[in-house]
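Welcome, and thanks for taking a look at this one. Please keep the sequence and the 3D view side by side as you read.

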Amino acid sequence: MGHAYTYRCDHCSFEARFNEGHGFLIRPQSLDSYLNAGEKLFHYKTHRALKKLAQEQKELFVDAAFRIYKCPHCNLLFDKVDVTVFDNGTPVHKSEFRCSSCRSRLKRTNIHRLKYAVCPACKKKTFHIDPRKMILWD
Ligand SMILES: [Zn+2]
Ligand SMILES: [Zn+2]
């Protein structure tokens with residue numbers, strides 16, 4: 001189950017939706033079952049890293065979910081499929097994302113504490129969450 005949050009710009013009315021949480025296919029599962037399903041849900045580099053890990057070790061567990069990230073440099077928001085691979089509870093692989101605008105490493109953000117972000121359309125700091133438009137999905 002996840003949430004979709006709508007952000008709206010007070011200045012130019014641009015709207016965007018950001019997903020957070022587990023979905024129908026994006027869910028915790030064993031690495032073998034992910035690879036056996038034969039679907040490439042993740043970024044090709046992540047997929048390649050997972051295949052390599054599976055060859056080296058057995059009994060790995062993969063957790064994947066939509067997470068919301070913010071660029072610490074330009075304050076743009078992104079939702080990404082975050083993939084973490086665990087070997088007996090220890091993370092052995094973790095996704096990393098970069099800002100499409102400045103290439104800084106993105107940081108996970110707590111959307112409930114985030115007061116504003118930068119609007120991707122007009123670049124002003126007037127991008128706010130619209131609480132009326134939050135929806136649940138699964
Ligand atoms: Zn705007
Ligand atoms: Zn950036």
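Serine 95 sits in the loop between strand 6 (90-94) and strand 7; helices (H or I, at least four residues) and strands (E, at least two) are DSSP runs, numbered from the N terminus. This is a predicted model, in which local features need pLDDT of at least 70 and side-chain atom pairs count only at pLDDT 80 or more, while totals for chains, interfaces and linings use all residues. Residues are numbered from 1 along each chain as its sequence is written, chains are lettered from A and ligands numbered from 1 in the order in which they are written, and side-chain values use heavy atoms, with hydrogens and water left out.

Is serine 95 buried or exposed? At 11% relative accessibility, serine 95 counts as buried; buried means under 20% relative accessible area, exposed over 50%, and partly exposed in between (1.4 Å probe, protein chains only). Leaving aside neighbours within four places in sequence, serine 95 is in contact with Val81, Asp82 and Val83, where contact means heavy atoms within 4.5 Å. A polar atom of the serine 95 side chain lies 2.7 Å from the backbone nitrogen of valine 83.

## The chain as a whole

Two helices and nine strands make up the elements of the chain, and from the N terminus on they run β-β-β-α-α-β-β-β-β-β-β. The C-alpha trace spans about 50 × 30 × 25 Å along its principal axes.

Of the 138 residues, 39% count as buried. The accessible surface of the chain comes to about 8,600 Å², of which 50% belongs to carbon and sulfur atoms; these areas come from the Shrake-Rupley method with a 1.4 Å probe, and for residues only the protein chains shown count as cover. Among contacts between residues at least 6 apart in sequence, 57% join residues at least 24 apart.

## Zinc ion, ligand 1

Which residues coordinate the zinc ion (ligand 1)? They are Cys9, Cys12, Cys119 and Cys122, each through SG, at 2.2 to 2.3 Å. Donors here are N, O and S atoms within 2.8 Å of the metal (3.2 Å for Na, K and Ca); water is not among the atoms, so sites may look incomplete. Along the chain, the donors of ligand 1 follow the spacing C-x2-C-x106-C-x2-C. Cysteine 12 lies in the loop between strand 1 (2-9) and strand 2 (15-21), and cysteine 119 in the loop between strand 7 (107-108) and strand 8 (127-129), so this pair ties together parts that are 107 residues apart in sequence.

The site of ligand 1 is tetrahedral, with angles of 107 to 116° among its four donor atoms; four donors count as tetrahedral if all angles lie between 85 and 135 degrees. Cysteine 119 is buried at 0% relative accessibility and cysteine 9 is buried at 1%, whereas cysteine 12 is partly exposed, with a relative accessible area of 34%.

## Zinc ion, ligand 2

The zinc ion (ligand 2) has Cys71, Cys74, Cys99 and Cys102 as its protein donors, with their SG atoms lying 2.1 to 2.3 Å from it. The donor residues of ligand 2 are spaced C-x2-C-x24-C-x2-C in sequence. Distant parts of the chain are linked by cysteine 71, in the loop between strand 4 and strand 5, and cysteine 99, in the loop between strand 6 and strand 7, 28 residues apart.

Both cysteine 71 and cysteine 99 are buried. Why is the arrangement around the zinc ion (ligand 2) tetrahedral? It is tetrahedral because the four donor atoms subtend angles of 101 to 124°. The count of disulfides in the model is zero, a disulfide being a pair of cysteine sulfur atoms within 2.5 Å.

Asparagine 75 is placed in the loop between strand 4 (60-70) and strand 5 (77-87), and is buried at 16% relative accessibility. The side chains of asparagine 75 and lysine 70 make a polar contact (2.7 Å); such a contact is a pair of N or O atoms within 3.5 Å, and within protein one must be able to donate a hydrogen and the other to accept it, while residues adjacent in sequence count only if both atoms are side-chain atoms.

Leucine 50, in helix 2 (residues 44-56), is buried at 0% relative accessibility. Not counting residues up to four places away in sequence, leucine 50 touches Leu31, Tyr34, Leu35, Phe42, Val83, Val85 and His93. By contrast, histidine 112 counts as exposed at 60% relative accessibility, and a polar contact of 3.4 Å joins its side chain to that of tyrosine 5.

Note on methods
Four donors count as tetrahedral if all angles lie between 85 and 135 degrees; four count as square planar and six as octahedral if opposite donors are over 155 degrees apart and all others between 65 and 115; anything else is irregular.
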